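Subject: Structure handover

Hello,

Here is the structure I promised to pass on. Please open it first, then read my notes below.

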Amino acid sequence: MIVRNSIRQMLRTPVKTFVFLLLIVCSGALLTIGANLWLRSNQNLKEYEASFFTIGTVEQKPDSISQDMEWDAARKDYEIYQSAQYAYVYPVSVLQFEGAEYIRKPEKRSHYASYAPEYQLVCSDNANFMVIIAEFSPVEDCIPDESVQVHVTKILNGDQNLEGNYIWFCDHTNDNPLPLFKDKTYIAELAWIGEIHGGHIENVMRTMEYAPNPLGTSQYTENGEIMEDILKEPLAYYEVVPGFYQSEEGRRYLNYSDGLSLPSKTFPVTGTGATMLLMPFYQGDAYICEGNDISQEEYETGEKVCLVSRTFAQNNALSIGDMVHTALYYTNAKDTASRNYGIDGTQGFGFNFLNADGEVPAVFEESTYKIVGIYDTVSAEISRSYQMAGDEMIVPMNSIQNRDSCNILAYGPMKGSTTSFQIPNGSIDKFMEEWEKQGITDLDITFYDRGYRELKSGIDQMKSMSILLCSIGLSISIFLLLLFNHLFIAKQKKRIAIERCMGVSKGSCRMSLMTGMLLILLAGSFWGCTLGAVFADRISQKDFYQTAYDMTYSNVNVLDVKNEVDEKNDIAASFLVFGMCALFLTVTGTGMMMYNTNRILQMEPMTLLSASNDKE
């Protein structure tokens, strides 16, 4: 009876009641949408933190560019080429400065050559047939400033089919070559470089010529200082006389002949502190296809574990858990392994396989590594410096005891492909602010964050919008509850006075005042929060990221990352927000009604009538 009277009383002012219901629905919807978006934004940001990595690469800028000249015998002129000059090579330790926050500290990676005659490698056995070590005699006395014909009398290393045949020879890069005599024998390292040229080739079928290469040495100290060659200025070719191979020059050719066979029996080993610091893995051009990645603990402790390429594993019938033997004999502290060992088996080296003593470097460290993961690569149009090498093995840097200290045949400054580090997501600006205080302008630092900054900016904008919606919904809700408490309760003093005079108890009066408004409040809160939850769900992740996230900054598909999240968590979160917002409106509204009702009921009926008459 009391409930019906309360509802009947509300229906006497249908416009006011409907407006109250409609506005409660709207405020509840705004409050729920804002809270839902705020909660989802925070959840998404936490989820993406685990999928995004911010790494920096470092490259030293040259101090100057030098113009060097090299003679071109075909053009009879000097060819000018430029090369970068560095007055000082910065150590990676300069990146350890106060204020720098690293997840993974800066590393300048070297790669190491492992002699592996027991393994089948992608490079073919004839990989070096374009280079030969040969004894030869000229067909006639000549000066090899153009293509001249010589008779190959002996092949020390290279294409044995050339022995006994005639080839074209030219000291191509020497503007004043030494003369050759018909009755003498010479030795040289010969490289197949281009077409024959000069006056000797009339009526001769076009073919390729060989040019000699002086057998200099290439060895550096740990500090990057070039070690002096004991031959000072080696010649491009030498006359073979009795006892020649007992001389320093002859011994060097024998040594290099042995060394020339090493590349086809060598695979590169790269040491690092984290797989993700290698750009092919970071960019997704390389990925773990079997097993698992090397763990951070294994990296830090220097465990004898490794990642090998799928091709290497297949060619040698290796699988997860098998052991790989390494025999490291030289260090390259200049380039990535892919610069010397192509993934297709091609090879190219900017140095000779001889140390400062003119000898082939000896193995300086042998180990056995357990395969924990096998990786594969995808085709990509990227610089060779940023590719994986053929048969390249990845190991923890700390597992190599003699890293960067033995048989360093190539050395260079920090490059983007060899030097990197990881910092917390979103800390690029802070890092650069601290870095600029160091006053070092010769190092270029490039950051890759897979679009994290753009993503976070979009999420922050959504969070700002959600806070605004929450604020508006909260403000409107409180204002409405105050207003309609005044209209439906505070202005009902005369009604309460009459009911009290008729003997109705305080409890019944309380029910009479509050029931109708409470039902309207419950209905409005339920439908408003329900509409808000549904609308928030309709704001799809795809629509959100089309406006907040530019995919040109990353090769990571954020939608795929989101699809990996358990959808039940989103549903649970939506129900939680719906319940909290509906509960807030109901409890707050009920609290206001209870306060106003109790305050009125504490007054005597005659006082209520008097107050009501005064207002009228």
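Let's start with L23, which sits in helix α2, residues 14-49. Keep in mind throughout that this is a predicted model.

How accessible is L23? Its relative accessible area is 31%, so L23 counts as partly exposed. L23 also belongs to a nonpolar patch on the surface.

The largest nonpolar core has 21 residues. Which of them touch the most other members? They are F267, V308, F312, V324 and M393. The largest share comes from β16, with 3 residues.

Next, the aromatic rings. The count comes to 24 aromatic pairs. One of them joins Y88 and Y90. Their centres are 5.1 Å apart, with 85 degrees between the planes. That pair is edge-to-face. Are its two residues buried or exposed? Y88 is partly exposed, at 47% relative accessible area. Y90 has 16% relative accessibility, so Y90 counts as buried; the cut-off for buried is under 20%.

Another pair is Y102 with F421. Here the ring centres lie 5.3 Å apart and the planes stand at 75 degrees, so this pair is edge-to-face too; the planes must be over 60 degrees apart for that label.

Where do these two residues lie? Y102 is in the loop between β3 (77-85) and β4 (104-108). F421 is in strand β19, residues 419-423. The pair therefore ties together parts that are 319 residues apart in sequence. Both Y102 and F421 are buried.

Y102 and F421 also share one aromatic cluster. F97, F431, W435 and F447 complete that cluster.

Best wishes

Key:
Residues numbered from 1 in each chain as written. Predicted model: local features only at pLDDT ≥ 70, side-chain atom pairs only at ≥ 80, totals over all residues. Heavy atoms only, no water. Patch = residues over 30% accessible without salt bridge, like charges linked within 9 Å, V, L, I, M, F, W, Y side chains within 5 Å. Areas by Shrake-Rupley, 256 points an atom, 1.4 Å probe, with all protein chains shown as cover. Salt bridge = Lys/Arg side-chain N within 4 Å of Asp/Glu carboxyl O. Helix = DSSP H or I, 4+ residues; strand = E, 2+ residues; numbered from the N terminus. Buried < 20%, exposed > 50% of the residue type's maximum accessible area, 1.4 Å probe, protein only. Core = buried A, V, L, I, M, F, W, Y, C linked by side-chain atoms within 4.5 Å. Phe/Tyr/Trp six-rings, centres within 6.5 Å; stacked < 30°, edge-to-face > 60°.
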